[in-house]
Amino acid sequence: MSEAMRNALILSGVLLALVLFTHIGRHKAHLVILILPFFTCALVGWAVLYDLKLTTPNSLAGLVGIAAGVLIGWGLLKGTKVEWDQDKSAVYTRAGWVYLGLWLFVLVGRLIFVYTLEHSHSFAADFGKFLMDTGIDAGGVSAFFVTMALTMVIFRTAGVWVYRAKVLRQAQRTPSYAS
């Protein structure tokens, strides 16, 4: 197994475990849970992208990753309900099958991409030709995947933060809502 495949498997496993234990189902919307992804994304982003050659093709690959991340993040946010629990006087998030399906689509898609790149000579040749034609280097490919992942996490987290604030304001205004 190549280092790229091993890294993809490890990252996918860690992300899937995080999603399964902190997002899927019903969870209290703690501030720590809402703040942590921003720090995590900043650290991962810096670690992977700090030495990226800022060429136009690499930058465009990163921007395409951001656009894909916004679309997937929007889907993740739509798959998350933010609700007030009157009995516990707290805000909760609830994410189910749609949310999990989007995460699996992204994680499995990345694994399939890496596997196919390593095991299909024709795909590897076509992808290499695409990189040569566009001027994207390995850093640009990383920029695409990393910016996509970071953007989808940040978009969903920021959206939950906004919905949480809205639910809290509503709870404070409505006596039966906040008791």
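# Contacts, pairs and patches in a predicted model

Reader: Among contacts in the protein chain between residues at least 6 apart in sequence, what percentage join residues at least 24 apart?
Author: This is a predicted model, in which local features need pLDDT of at least 70 and side-chain atom pairs count only at pLDDT 80 or more, while totals for chains, interfaces and linings use all residues. Residues are numbered from 1 along each chain as its sequence is written, and side-chain values use heavy atoms, with hydrogens and water left out. Taking contact to mean heavy atoms within 4.5 Å, the share of these contacts that join residues at least 24 apart is 79%.

Reader: In what order do the elements of the protein chain run from the N terminus on?
Author: Helices (DSSP runs of H or I, at least four residues) and strands (runs of E, at least two) are numbered from the N terminus. The protein chain has 7 helices and 3 strands, and their order is α-β-α-α-β-β-α-α-α-α.

Reader: Is T93 buried or exposed?
Author: T93 belongs to strand β3, residues 90-95, and, leaving aside neighbours within four places in sequence, its contacts include G25, R26, H27, R156 and V160. Buried means under 20% relative accessible area, exposed over 50%, and partly exposed in between (1.4 Å probe, protein chains only). Because its relative accessibility is 6%, T93 counts as buried.

Reader: Which residue forms a salt bridge with R26?
Author: A salt bridge is a side-chain nitrogen of Lys or Arg within 4 Å of a carboxyl oxygen of Asp or Glu, and the structure holds 5 of them. In the one at R26 the closest N and O atoms are 2.8 Å apart, and the pair links distant parts of the chain, from strand β1 (residues 25-28) to strand β2 (residues 80-85), 59 residues apart.

Reader: What is the geometry of the pair formed by the rings of F113 and F123?
Author: Rings of Phe, Tyr and Trp (its six-membered ring) pair if their centres lie within 6.5 Å, and planes under 30 degrees apart count as stacked, over 60 as edge-to-face and the rest as tilted. The structure holds 7 aromatic pairs. In this one the centres are 5.9 Å apart and the planes stand at 85°, so the pair is edge-to-face.

Reader: Over the ring of which residue does the charged end of R26 sit?
Author: A charge sits over a ring if NZ of Lys or CZ of Arg is within 6 Å of the ring centre and within 35 degrees of the ring normal. For R26 the distance to the ring centre is 4.0 Å, and the ring is that of Y92.

Reader: Which helix supplies the largest share of the nonpolar patch?
Author: The patch is made by L31, I35, F38, F39, I154 and W161, and both α2 (31-49) and α6 (138-173) supply at least two of its residues. The largest share, 4 residues, comes from α2.

Methods. Patch = residues over 30% accessible without salt bridge, like charges linked within 9 Å, V, L, I, M, F, W, Y side chains within 5 Å. Areas by Shrake-Rupley, 256 points an atom, 1.4 Å probe, with all protein chains shown as cover.
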